[in-house]
Structures are given as structure tokens and as C-alpha cells.
Amino acid sequence: AAETALKEQADRIARLEARLVAAPPAPAPAPTPAPAQQSAASADAIKALQDQLAKLTADQKTREARIDQLESRIAASGEQGRAERAMLLALAGLRVGVEGSGPYTAELAAVQSLAGDRPEVKDTVAKLAEDAKTGLPSTASLTERFDRNVAPAILRARGNTKSGDWWQQIRGRLERLVVIRRIAPGGPAPRDATEAAVARADAALRAGDLTHAVAALDDLSGDAALAAAPWLAQAKRRLDAEAALAKLWRDECNFYDLAANT
């Protein structure tokens, strides 16, 4: 019995030893980083913080510079702002004066007194000074003149033919005596290019569009172009004056736009 018990103990010890040999080794503890590696990691972290601090400092300086610039503009805009407002009021009065058909010498003089040495204002004033005493015909008066006199004159001039054909001569005389204008949108199509140009100009003027009316008559030729020339000259002078005033108005308003966007 003793031998059997010893044998069983020996077997158990052998089994335990076999299990110990087959088991995987325990993981080795992580090596402690060397002092040099610890210093490099700390240096990188410090440099990243320094870069971030430098960027924040630069942004702060930029904001302070913009604030200083804005404060300087606000401090200097007292007198300048009053001058700009006075110029805008004078320009508004000039635009109203030019829109009518009467003289606008007083309105133009107000703008001249505030212009100083500014070349863009002087150039516009010089363009408008030629018609200040008499005024420019308004779009309404130009429309009325076209309807009563200019369109019939253009259509009559179309009949001034130098053809040797006696039938063409008779037809031309009849056209000078009787003028038929096709102005209804659903009416017959224009008979020729002159009649089509008059119809386009007439439709544009009824819509208050002087620009397209002028463009429609610019293609006329011969006697029809001569009949339209005086009216076209006055219409173009009005368009030029309105365009110059509109540009000057935008330039003056630019000061307030810049101040609002700063």
C-alpha cells in the first residue's frame, strides 16, 4: 500500500511538471523608457504648445490692428462723414433735376461746391454742364415727340425713292401722304426693316425703356436715319447723363459700403 501511494504521488508530480513545461511563459514587463526617450517626447509636446501659443499671439495682434484701424477711421470720419452726406444729398437733388425737362443749374452748382479737387466728380459735372441751363428732355417728352412727329417722319422718309420706276415713285408719294403705323402686338407683321425698327422703338418707349428704343433706331439708314437723327441725339444725351450720374452715385455710396463691411 505504501508503494502504491508513493507511485501515485510520483505520477501527480510528473503530471504537474509536464503542465508547467507546456504552459506559455508569463509576459515580460514593459521596459521602462530610457531617460533620453522621455526627454524627446516632452520636447515635442512643449514645441507643439509653443507653436499654438505663437499662432494665438499672431491672431491677437491681427485683431488688435484691425480694431486700431477701425477706431482711426471712426475718429476721422466725423468731418469726412458730414461731407459725404452733404455730397449724397446734393447728388440726389441733381438726379431729380436731370430727370425733369427744366434747368438744373442750382443743383449742379451744389455738387460743384462740394466736389473739391476730385477728378471723377469734375468729369461728370463737365458732361452735365452743357445742358444745365436748358435742361434735357425727359423720357416722357421724348416718348410724346416720337409718337407725334418722329415716327411719322421716319415712315414718310422711307418713301423718298430715287427709283426710275414710275410705280415706285407713285408708291413713295402715297406713303409720304398716308402713314400707317402697325403698333398692335397682334397686328400685321411690319412690311420692311424701317417699319419694324419704328415698331420696336414704339413698344420700348411704351414700356419706359429709352435704351432699347434708341438701339432699335440706330439701325436705320438713308433718309429714315436722317429723320430720326435729331431725336436720337437728344435721347442719347439723356442716357449718357443718367449713366454718368448713376456711376457717380455708386462711387459716393462706396464709402458707406466699405464702412459697413469692415
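Modeller: A residue is called buried under 20% relative accessible area, exposed over 50% and partly exposed in between (1.4 Å probe, protein chains only). The model is predicted, with local features requiring pLDDT of at least 70 and side-chain atom pairs pLDDT 80 or more, while totals for chains, interfaces and linings use all residues. Numbering starts from 1 along each chain as its sequence is written, and side-chain values rest on heavy atoms, without hydrogens or water.

Across the whole structure, seven salt bridges are found (a side-chain nitrogen of Lys or Arg within 4 Å of a carboxyl oxygen of Asp or Glu). One of them lies within helix α9, where Arg238 and Glu242 are four residues apart, about one turn of the helix (helices are DSSP runs of H or I, at least four residues, and strands of E, at least two, numbered from the N terminus). The N to O distance of Arg238 and Glu242 is 2.9 Å. Glu242 is partly exposed because its relative accessibility is 32%, whereas Arg238, at 0%, is buried.

Helix α9 (222-261) also supplies Lys236, whose partner Asp218 sits in the loop between α8 and α9, so that distant parts of the chain, 18 residues apart, are linked. The side chains of Asp218 and Lys236 meet at 3.1 Å, N to O. Asp218 is partly exposed, with a relative accessible area of 40%, and Lys236 is likewise partly exposed, at 34%.

Arg206 belongs to helix α7 and Asp147 to helix α5 (residues 139-157), so the pair ties together parts that are 59 residues apart in sequence. Arg206 is exposed, with a relative accessible area of 55%, while Asp147 is partly exposed at 36%.

Helix α7 (residues 193-206) packs against helix α8 (residues 210-217) at an angle of about 175°, with the axes 8 Å apart. α7 is therefore roughly antiparallel to α8 (angles over 145 degrees; under 35 is roughly parallel, 65 to 115 roughly perpendicular, the rest oblique). Their contact (heavy atoms within 4.5 Å) involves, among others, Ala197, Val198 and Arg200 of α7 and Leu210 and His212 of α8.

Note on methods
Axes are lines fitted to C-alpha atoms, for helices over the stretch in contact, and angles run from 0 to 180 degrees between N-to-C directions.
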